[in-house]
Amino acid sequence: MSDATDTPPFRYTAALADEIELRWQDFWDSRGTFHAPNPVGELADAAHPRAGAPKLHVQDMFPYPSGAGLHVGHPLGYIGTDSYTRYKRMAGYNVLHPMGFDAFGLPAEQYAVQTGTHPRVTTEANVERYRKQLRRLGLAYDNRRTVATTDPEYYRWTQWIFLQVYNSWYDDSVQRARPIAELIASYEAGERGEEWATLSDVERRRVIDGHRLAYVAEAPVNWCPGLGTVLADAEVTPDGRSERGNYPVFQRRMKQWLMRITAYGDRLVDDLDVMDWPEPVKLMQRNWIGRSSGAHVDFAVDDHTVTVFTTRPDTLFGATYMVLAPEHALVDQVVPAAWPDGTKDVWTGGHATPAEAVAAYRAQAAAKTDEERTADAKVKTGVFTGAYAVNPVNGARIPVFVADYVLAGYGTGAIMAVPGQDERDWAFAEVFDLPIVRTVQAPDGYDGAYTGDGPAINSDWLDGLHVAEAKAAMIERLEAEGTGKGATTWRLRDWLFSRQRYWGEPFPIVYDETGLPVALPESMLPVELPEVDDFSPRTFDPDDAASEPETPLSRAKEWVEVELDLGDGPKRYTRETNTMPQWAGSCWYELRYLDPHNDKVLVDPANEAYWMGPQSPGDCGGVDLYVGGVEHAVLHLLYARFWHKVLYDLGHVSSFEPFRKLFNQGYIQAYAYRDARGMIVPAYDVVERDGKFYLGDQEVFREYGKMGKTLQNVVTPDEMCEAYGADTFRVYEMAMGPLDVSRPWDTRAVVGSQRFLQRVWRLVVDEETGAVRVGADPADDKTRRLLHRVIDGVRADMEELRFNTAIAKLIELTNALTGLPAAPREAVEPLVLMMSPFAPHIAEELWAKLGHDDTLAYADWPVADPALLVADTVTYPVQVNGKVRGRVEVAADAGEDDVRAAALAAVAESLAGRDPRKVIVVQGRLVSVVV
RNA sequence: GUCCCCGUAUCCCAACGGCAGAGGAAAUGCUCUCAAACAGCAUCGAGUGUGGGUUCGAAUCCCACCGGGGACACCA
């Protein structure tokens, strides 16, 4: 062990980095360096250097603190926002950059079920570990503002928001939520019909409860026996399994809490237009919400009326048959005793009567899972019901089919089929030999269903109109005749909000003797989770669709049965024993950061307006930059937008969107290795030789995937800090590529970032003596010009989050300074300031060594001198027919004619007497000569 | 099947339509060392997935195809 003697005593090594980093972390903590002042309240501080400055609110999607701790992929976004906010703070902004923990959730609960350890114990330990890991990275959070969703002081307000939602209704006439008291007043004033006066108290409550934005309903839900809980649509994978645990999920009707997010469908779609979000995420939200506008059209089927939904009312003259979903309620009622005349053989499925055919088909459809239905989508199946419908616009009789390509849960569960303009209908019509009538003129030679625009044909009075006008004209006619109505349908359903779980927020709801819910008053919040011995919901055989949920809280009898005085004297009540889903706490945390300890209100309006309020007329307001993975594109981001809009409608916040700008960071993935038997081997022990990979002598094979236990390729920030220090780790993560691009982790390459920091260190500190060696002389002209070019470029890169190119420029400058006998202070100081967002500890240390006695966190960010950005002379390459044939150096301010003359002289030889046909001078760039 | 993103040196990545290289890694040589590691200095390198088109000029814009990643997938 002679390392210590051979390494220069003052070299920037991992050990020195460790010492510097821990010291500065303590310094920042003890000084409260990164505290951000609020306008009002406990966190206001008029003496703060950034009090009253322009604000910037930057936030990361907060983590679920898992038992495995962080790996190097997790902090990528955190380091990105930290670098950005450190830069913006130096550039003069009052920066809010908080961090918290999404601490309710299944893993801690499942661990509790297995081991009997209370989820709170596990969660707190995990949170503590995360805090330590994040602190070690030197992330400049305002730690006074941290939140954990499991903290009763936090979930008190989650419950409070639930009460706001519960105690309001959506007034369609003004397109916003209003207090439920206003609805009750309206009923009592007789503005909503006479009936109210005749109702009993209980009936009145039922009427009102039916309008609330949070309500209990018997609804089709996703019941997952394997987890013992119901799930939101978004938590179910397309193949009908639970996203967590991958258990089968069954459709069941159950009594559950729902939130009326569908009321906000229009605004959730429309407001996407004003937000600065990645287009793919906006698209995913639009798809998920699935707004489509068209019309409901009534078709007579014998004595019954079947209403269909269509987005193409303009094609009504081309409707040649009708389809009901197998589950449609009217199917049985329209089926006649025998096949009518004209029934084609392919329509019957080989059955003797319509009733048999329909029953057989329905049984067959019911037996299919959604997955099978989708997999079979290529081949259209169905059967004739024997009934005919009458097309309301032309009186045509069209056969009514049952087919599973029509979904019961969307629209009305019935369609008019227009094969000429719909690909699915076309495919069905071909199988069942049904007529095809084009009602939109297709291009010459077009085969198949034509869904594009064109003039209407075969459509009587619509002929000649284009699609958009034809739709409007048809809707107008249908409404006038009373056979239809313009309509909008949604794919989005109301949000299933209850879970049969222990480790979640209890509802602030009790039930009285009527069995109807009663909201607890704010004064009784928080409703804390009771202590229980058994955390597990009753789980079942994962395939037992008929099982019934039983919540863990229902077993805490002394908690469930309570005596309360809710205004009419002490009475017995029963508590709600479901808990809220994990999304609840993350639906509003961006607001609590603003005023984390306020026990009077969720957030003081002045603080909300400052940090998140609209910045200009029409601006939606919200967090200025929200960074996280794209996997939350619909779930979290849709739910949070919904809650925020409710709070906006009720006047609690001034912004109508929570996140003005969204940025999706990429992922750090890693190589994994399998041996010849296909077994994963620890990536850490694999070595590369001659392009092949070996574990010992055995060749192994490389693949690429997520970092994790199963692939045995986890690298932790702790290891990186130990081997190189946090600054090196941070610089490496920011330098390896653009923030939004996924890339492979390569531990071998980290050393490059360490060498960069070592070189900067050496510019300031003599490795042998530890003395400050920075030069006092002014920089030479060349160095000075480079410095200002770098200052200029780095600022632009920082603004655009292009950290990789910013770091490249800093390295370029460093390498230039390294070559000088003594690096001039004039260049070193800006370099230290500019590297500080990425490597804050070493930058602080060097800043101090350069003679500054306070943190550089509030030092002025360097500004480039424009005069030094323009060169004295410019070298123009001269192209002849696209090939570079010469170069000329001319004064930077030379006119175009001078440049042309010089250029032509320079390539006279190549021209060989030919006359240039054209000479193009690109100012400052090049000259192109065409002969 | 439809839509979106991406293909630049051995690898990760740069290049307002204007000389393909900012930066890092690897590799090679040298310095330091008894030796090695660290560190330092130097060297090495592709014509931009393929084929067309637009242009004086294309990695960049357009079209088609190939490869990789992602989203959606009977939503009437």
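I began with helix 2 (residues 14–31), which has 18 residues. From its first C-alpha to its last I read 25 Å, close to the 26 Å expected at 1.5 Å a residue. That expected span is 1.5 Å times one less than the number of residues. Helices here are DSSP runs (H or I, at least four residues), numbered from the N terminus.

I noted that this is a predicted model, where local features need pLDDT of at least 70, side-chain atom pairs count only at pLDDT 80 or more, and totals for chains, interfaces and linings use all residues. Residues are numbered from 1 along each chain as its sequence is written, and side-chain values use heavy atoms, without hydrogens and water.

Which residues of helix 2 are buried? I listed Ala-14, Ala-17, Ile-20, Glu-21, Trp-24, Gln-25, Phe-27 and Trp-28. Buried means under 20% relative accessible area, and exposed over 50% (1.4 Å probe, protein chains only). Seen down the axis, the buried residues of helix 2 fall within an arc of 160°, so they line one face. The arc uses directions from the helix axis to the C-beta atoms. On the other side, Ala-15 and Ser-30 are exposed.

The buried residues pack against several helices, including helix 3 (76–90) and helix 5 (119–136). Just after helix 2, Gly-32 takes a positive phi of about 65°.

Next I turned to Thr-814, in helix 27 (residues 803–818). Thr-814 counts as buried because its relative accessibility is 0%. I also checked its contacts (heavy atoms within 4.5 Å). Among them are Phe-756 and Leu-831.

Terms used:
Chains lettered and ligands numbered in written order. Helix = DSSP H or I, 4+ residues; strand = E, 2+ residues; numbered from the N terminus. Lists of a residue's contacts leave out its neighbours within four places in sequence.
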